[in-house]
Amino acid sequence: MKRSSLFLLPLALLAAPALTSCDTTPRERQEIVRNEARNLDSLADRTAATLKNAGRRAATFDSVSRSRNRQPLDNTSLETFNAELLGIFSGIEQLTPSTIEPAYKQFLQQVRARRKAWTQRDWDYATAIYKRLNARLNAVRLDVKGRNELHIRALQAEFTAMETSRDVKDLGQAVKN
């Protein structure tokens, strides 16, 4: 069955109110419906091509991201990022139950301030630091006060939201281009 014949009945129902039976013949109305079906087929074909192209671009973006993620982070750059984002809390392994929350606050303040200028690679460094902070939190968690842990969880959610937002933005740009 041809695609245009699938649209014939719904189009006839949609086009019928616009037409008055007194002004056109059944054959003319049938031709109008066929033309509208052809227009819909053309639109469907253009949309399918656009979606296929967007899918290809998304796959390319994903491939580039995976390739970037396989590249190890430069230790010097990581330590520079660590010092910039954590300031006096840059010694993550020395964080205590009382200093872990201020370290997360410092980290998020710096991420908020710098994120708009960051590349995906910069986000990779920030994520590595974030993971180290989380590992330290797991090590001292049993001694962290409940209200501090709750605040830390909110900060973690904020970081994840910012990182995901950037990923979605970059993916959207890759699909558009």
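Predicted model: local features only at pLDDT ≥ 70, side-chain atom pairs only at ≥ 80, totals over all residues.
Helix α4 (residues 100-114) and helix α6 (residues 146-176) have axes that come within 10 Å and cross at roughly 25 degrees. Angles under 35 degrees count as roughly parallel, and α4 and α6 are therefore roughly parallel to each other. The crossing in which α4 passes α6 is left-handed. On the α4 side, the contact is made by I100, E101, Y104, K105, F107, L108, V111 and R112. These residues meet N148, H151, I152, L155, Q156, E158, F159 and M162 of α6. By class, the residues of this contact comprise nine nonpolar, three polar and four charged.

The second pair consists of helix α3 (residues 75-86) and helix α5 (residues 120-140), whose axes come within 10 Å and cross at roughly 70 degrees. With 65 to 115 degrees counted as roughly perpendicular, α3 and α5 are therefore roughly perpendicular to each other. Their crossing is right-handed. From α3, the residues S77, L78, E79, F81, N82, L85 and L86 take part in the contact. Their partners in α5 are D122, Y125, A126, A128, I129, R132 and L133. The contact of α3 with α5 divides into nine nonpolar, two polar and three charged residues.

Terms used. Residues numbered from 1 in each chain as written. Heavy atoms only, no water. Axes fitted to C-alpha atoms, helices over the stretch in contact; angles between N-to-C directions. Helix = DSSP H or I, 4+ residues; strand = E, 2+ residues; numbered from the N terminus. Parallel < 35°, antiparallel > 145°, perpendicular 65-115°, else oblique. Left-handed = near helix turned anticlockwise from the far one by under 90°. Contact = heavy atoms within 4.5 Å. Nonpolar A, V, L, I, M, F, W, Y, C, P; charged D, E, K, R; others polar.
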